Amino acid sequence: MVSIKGSLKKLGRNTQAVALRTTDKHLRLAVTGLAGAGKTAFISGLVNQLLHCDNCEGNRQLPLWEVARENRLYGVKRDLQPDLTIPSFNYDSAVRTIKSQPPSWPKSTRNISELRLAIRYRPAKGLLSKLTDSATLYLDIVDYPGEWLLDLPMLKQSFQQWSAAQIARTSIFKHSQYYAAFIDALSSIDLASTANEATLQQITDRYQQLLQDSVDKHGFYYAQPGRLLLPGELEGSPVLAFFPLIHVSDEQYIALDKSASTSFYHTLKQRYFEYVAQVVKPFYHDYFAKFDRQLVLVDCFTPLNRGNEQFDDMQTALQAVMESFQFGQSSLLKRLFSPKIDKLLFAASKVDHVTRNQQGNVLSLLTQLVHQSQQHAKFEGCEVETMAISAIKSTTHGMVKQNGRDIEVVKGLELASSQPITLFPGEVPKSLPSAGFWLQQGFDFVSFSPRTVASQQPHHADFEHIRLDHVLQFLIGDKLK
């Protein structure tokens with residue numbers, strides 16, 4: 001009886017989901033980006049604006065969002081999420097952290113999470129406007145770690161091909177103090193001999209240290225497998241205990257293929273296969289391939305600070321990830337049985353960290369940075385846009401005199417010291433940096449703490465933003481006509 005009731009409940013949820021998608025009143029918006037792009041802060045800021053958007057005086061919060069500008073928005077509320085197996089995005093905790101004293105940023109994304117909003121509005125066009133004066137769009141916002149995205153290219157690679165791709169990254173690995181220890185441990189085993197779990201785990205730990213150090217200390221991005229950076233529920237499981245063979249030649253592979261099935265080599269091949277089959281594919285099919293709209297946040301400033309290699313690595317990582325997206329024009333049947341991303345937004349985050357006269361340069365740089373991915377998506381019929389935004393504005397703009405000239409600056413609390421600072425971060429390049437830029441660049445990106453939140457009037461958002469109304473209009477405006 002219990003199983004029958006459970007089946008009926010699941011059937012009911014599925015029927016409701018199909019009904020919403022059939023009537024075009026449901027959207028799944030995925031938010032992602034590489035490490036440090038500000039995904040959690042973005043979702044928190046966006047949701048905060050939406051929940052406080054009804055009855056705004058003159059609708060000054062989101063003037064470019066058509067449904068609000070035309071006074072057709074009745075309100076937005078949080079609703080029960082449809083998938084009970086996905087953790088809920090902890091919006092309340094994130095906002096408390098940002099509004100705390102002293103204010104601080106919420107913890108970064110470490111697992112997949114979801115939040116559903118019900119947006120109630122008055123239809124203005126089409127048959128629906130003639131039948132009713134009220135309709136609801138259900139918006140599911142799905143947050144997931146960018147580190148997991150980095151594994152998607154592995155779907156098309158064998159273990160040998162993946163190892164070869166890591167060999168090409170040796171110059172990057174050599175920046176880390178842990179590279180030598182990993183190579184020594186790797187060279188100490190006979191790959192044709194019988195494998196044992198302790199040795200596999202020991203060498204995996206060395207490789208994990210190397211990856212984490214490359215990302216956290218040296219500022220690189222493209223680290224595989226991504227679950228070694230953010231294991232989630234898989235921490236300590238044997239499916240993560242594998243590593244690339246970056247010291248094996250093609251001739252050695254031929255000999256190793258003839259070794260026993262219990263050898264280190266075949267065990268590593270099997271672990272790689274199981275990781276792709278049991279971790280990467282389910283993420284791709286269960287979540288990633290079911291999104292309707294995709295937002296990719298890009299932090300352009302940190303790699304500009306770090307150097308040429310790191311900036312190029314970010315671009316490589318973005319391009320590799322975008323090749324795994326399913327783009328195309330959507331229709332009712334496709335949305336039910338074969339969803340495709342029909343709108344893609346690349347957004348340069350933290351644009352409040354530079355002066356206003358540099359924001360156009362940020363947009364130009366982002367557009368060139370993602371040009372290849374943008375062209376691919378457009379070719380497949382996807383609508384693509386680039387923007388420079390800030391979901392939670394943490395600085396104020398000002399002018400200072402220097403050598404008799406007015407200089408535009410930003411003011412805020414430096415994240416590292418919690419001290420107020422005023423600075424001109426430098427000029428952001430309008431195009432992909434040339435060799436000369438890295439020799440003489442004067443860019444000094446500084447991370448800022450959130451601004452202290454003053455007591456708010458009812459129906460007013462807690463945070464200021466830059467262009468979130470533009471984001472909303474592009475991503476969901478067409479569903480609120």
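A crossing of two helices is called left-handed if the near helix is turned anticlockwise from the far one by less than a right angle, and right-handed if clockwise; in this structure the crossing of α9 and α10 is left-handed. The model is a predicted one, in which local features need pLDDT of at least 70 and side-chain atom pairs count only at pLDDT 80 or more, whereas totals for chains, interfaces and linings use all residues. Residues are numbered from 1 along each chain as its sequence is written, and side-chain values use heavy atoms, with hydrogens and water left out.

**The chain overall**

- The protein chain has 19 helices and ten strands, taken as DSSP runs (H or I of at least four residues for helices, E of at least two for strands) and numbered from the N terminus.
- Of the 481 residues in the protein chain, 53% are buried, where buried means under 20% relative accessible area, exposed means over 50%, and partly exposed lies in between (1.4 Å probe, protein chains only).
- When contacts (heavy atoms within 4.5 Å) are taken between residues at least 6 apart in sequence, 78% of them join residues at least 24 apart.

**Helix α7 and its cover**

- Helix α7, residues 159-167, has Phe 159, Trp 162, Ser 163 and Gln 166 as buried residues.
- Seen down the axis of α7, these buried residues fall within an arc of 100 degrees, so they line one face of the helix; the arc is that of the directions from the helix axis to the C-beta atoms.
- The cover over the buried residues of α7 includes α8 (170-173), α10 (197-216), α11 (250-256) and α12 (264-286).

**The pairing of α9 with α10**

- The axes of α9 (residues 179-187) and α10 come within 9 Å and cross at roughly 155 degrees, the axes being lines fitted to C-alpha atoms, for helices over the stretch in contact, with angles from 0 to 180 degrees between N-to-C directions.
- That angle makes α9 roughly antiparallel to α10, since angles over 145 degrees count as roughly antiparallel, under 35 as roughly parallel, 65 to 115 as roughly perpendicular and the rest as oblique.
- From α9, Tyr 179, Ala 181, Phe 182, Ala 185 and Leu 186 meet Ile 203, Arg 206, Tyr 207 and Leu 210 of α10.
- By class, this contact of α9 with α10 has eight nonpolar, no polar and one charged residues, with Ala, Val, Leu, Ile, Met, Phe, Trp, Tyr, Cys and Pro counted as nonpolar, Asp, Glu, Lys and Arg as charged, and the others, Gly among them, as polar.

**Backbone geometry in loops**

- Most residues other than glycine have a negative phi, and most peptide bonds are trans.
- The peptide bond from Gln 101 to Pro 102 is cis, with omega near -5 degrees, and Pro 102 lies in the loop between α4 (91-99) and β3 (113-121).
- Gln 224 and Pro 225 are also joined by a cis peptide bond, with omega about -5 degrees, and Pro 225 is placed in the loop between α10 and α11.
- Lys 350, in the loop between β6 (343-348) and α16 (359-369), has a positive phi near 60 degrees and is partly exposed at a relative accessible area of 23%.
- Arg 467, in the loop between α18 (435-440) and α19 (468-476), has a positive phi of about 70 degrees and counts as partly exposed at 31% relative accessibility.

**Pro 450**

- Pro 450 lies in the loop between α18 and α19 and counts as buried, at 1% relative accessibility.
- Leaving aside neighbours within four places in sequence, Pro 450 is in contact with Ile 98, Pro 103, Ser 104, Trp 105 and Ser 394.
- Pro 450 and Ser 104 are 346 residues apart in sequence and 6.0 Å apart in space, C-alpha to C-alpha.
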